[in-house]
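Dear colleague,

I am handing over the structure below, and I would be glad if you could look through it alongside these notes.

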Amino acid sequence: MIVSIPEQYEKLEATILGYNPQADITTIHRAFEFADHAHEGQRRKSGEPYIIHPIAVAQIVAEELKLDSESIEAALLHDVIEDTGATHEDVARLFSPTVADLVEGVSKLTRIQYATKEDEQMENLRKMLLAMSKDIRVILIKISDRLHNMRTMEYQSPAKQRQKSLETMEIYAPISHRLGMQRIKWELEDLSLKYLDPIAYNDIITSLSSNSVEHDAFMQRTQSQIVERLKSMGIQAEVYGRVKHPYSIYRKMYAQRKSMDDIFDLFAFRVIVENTSDCYNVLGVIHDLYRPILGRFKDYIGNPKPNGYQSLHTTVIGSDAIPFEVQIRTREMHEIAEYGVAAHWKYKQNGAGAGTEGRYEWVRRLLENQEGADAEEYIHSLKIDMFADEVFVFTPNGDVQNLPAGATPIDFAYAIHSAVGNRMVGAKVNNRIVTLDYTLQNGDVVEILTAKNAKGPSRDWLKIAKSNEARSKIRQWFKKEKREENIANGRSAFEAELKRCGLSLKDVINSDFLPTMLKKVAYGSLDDLYAAIGYGGFTAQKAVGRIHSELQRQRQERQAAEAAADAEKHASEAPKTPVPTKAPRSEQGIIVEGLNNCLVKFARCCTPVPGDEIIGFITRGFGVSVHRADCPNASPEKRKDPTQSGRWIRVSWGDNRNESYPTTLEVVCKDRRNLLLDISAALSTTNTFVLGIQSRSTEDEFAIFRIEVRIKDSQHLHNLMNRLHQISGVLKINRPVG
Ligand code: MN
């Protein structure tokens, strides 16, 4: 059956107008003519003019997927950028930028060279393809292209047949399944099987055709039984019977190690009804007509499959004890089952004329609407696919490397091996030299240039690298290779931080304190500590933070001892009259200047604790209210307010303090798992009694904890704040007022 090119093209137009009377036939015809001209003189392996192929691909895009005019134009033009002199600009100018992008997108997928790899690699390849298809129509056209190539695979060499079939089985059929396009998936699988296991394929085909008379009779009989019963019940329905497709029979034979005759359900019937409630009515009818097999009923209407598939499935025993499956669904469920994403796409097109954004939006919604554990996993994998937070690139020999989005050649090099990273002197992407901070794109072929005498990573690489893996390997290198340098750098960072905190290196490394300090920072020697700071495994801030309070304590003890010695000296010089120790009385640990025995309470707004600078306010009838000096309610303006003159009074902390004082801390953190766990640990190791914790997360992934605690004294508060600061992710600790 040889059909002329004009006839094939006319058939395409008729198909398009059949589902889309508003199609832009003029432009589609121009696309056909442009492609025809561009491919002039080129022939397919079959000897036919090349233009046969783009027309056939457009026919699939129209007939199977019912896509819009732009997609048809792109299908007709899909090989012109790759195989002829035409450029993206030409197509953009003559048609539209969108059509040019679609053609370019398909060409990019065509350029990818696949080699058979282990499963993980295949999954990465599938993800890469989806990630590269920024517009879903790109992958739909590419799948149609592949389908036509598989249909005409007989003209290729056996090696090519095998290679393309493997690719199809491992990449394109799973993607079609993922996008819910069952019909195309089946055909791709059957065509692949034909070349991958020709003997088994032919056995199945032969067996099916030799029994086809019996099969047909059985299906006819069963179909009319179902149709008549439904009619008598007044249920509107269409009933179709089919033999399962060869690859699904093949898989069952293989998995169950059975011959064709023993395959459980070779036949399937499909009942398509008007609405969901009829689905369940039909189910009742079927179970009344035939004996159901227990455990084979599945309600995918109540629990849709992750790819959006909905149907009722049941397996029953028919006449002659032949089992068969019945699938029951509505027309809409049916279209989505057959055409998947393409059907959704079509429905969406008829609605609002969405931009590219909108196109993603509906895919995302479609996927997020699915429920169930499997669905969640699926959504997760597809989200990665569609809204890439990953980037997929090739090694020169075709392995796929999966890196975080934004990754650079440095990340790539360290993902290959740390030795490659450490010897890197440059990088090539798609055969061009790039800078090391180049952002890798999906599908890039990356080659790392190395040299035996490379001087190793530079510290800047830590800032350029996007993956933790690369960063930690770079740090490893600095740790090992540059110990002397690290020690020197670490020492100066440590010294600078001490200085910033008003300490000196001398205080720290005196022989009394050194062992305590090393224990606090958990390093064996001072050099180890410096080295760790030097290569970035530890920070000078953390080191100083851990020893700060201990140092202060020691210093205070020393000063107290000195003061005592001083006093003794003075005492010995002074007259021997006893000095009356007239310690002022204090209430709750507060000494109010000039007032004894007055009622004292702590302001709720700023909850002062011992050590805080404080000021008192004489309230009317409730004694003296004690504020922190930095409380806005005790601001200098308020203190100068003439109407309140004389009510502000100096107060200070005395000796007979309360056991503890309530106060509130606000801890601002970068949100992460187990944050609260670490905060509780800090509270408990500092013996802090907790009155309450509130937490909230902000939209930009921060968490804010408001912690009400009881504080004994300034030392206690200091320890607690220190501990909290050491928690990774903690950015700021406030003592809120008001
Ligand atoms: Mn093609």
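His627 lies in strand 15, which covers residues 624–628 (strands, E, at least two residues, are DSSP runs numbered from the N terminus). Leaving aside residues up to four places away in sequence, His627 touches several residues, among them Cys605, Cys606, Glu613 and Trp648, where a contact means heavy atoms within 4.5 Å. Lys601 is 26 residues from His627 in sequence, and their C-alpha atoms are 9.3 Å apart.

This is a predicted model, in which local features need pLDDT of at least 70 and side-chain atom pairs count only at pLDDT 80 or more, while totals for chains, interfaces and linings use all residues. Residues are numbered from 1 along each chain as its sequence is written, and side-chain values use heavy atoms, with hydrogens and water left out.

The mean pLDDT of the protein (the predictor's confidence in each residue, from 0 to 100) is 81, and 87% of the residues reach 70 or more. Over residues 347–388, however, the pLDDT is below 50, although this stretch has 52 contacts in the model beyond near neighbours in sequence.

There is also an open sheet of three strands in the order 10-9-11, with antiparallel pairing (two strands pair if DSSP finds at least two bridges between them). Strand 10 (432–434) and strand 11 (446–450) stand at the edges with a single partner strand each, so one side of each has no neighbour in the sheet. Strand 9 (residues 424–429) is joined to strand 11 by five bridges, and Lys428 has Glu447 of strand 11 as its bridge partner.

Best regards

Conventions: Helices (H or I, at least four residues) and strands (E, at least two) are DSSP runs, numbered from the N terminus.
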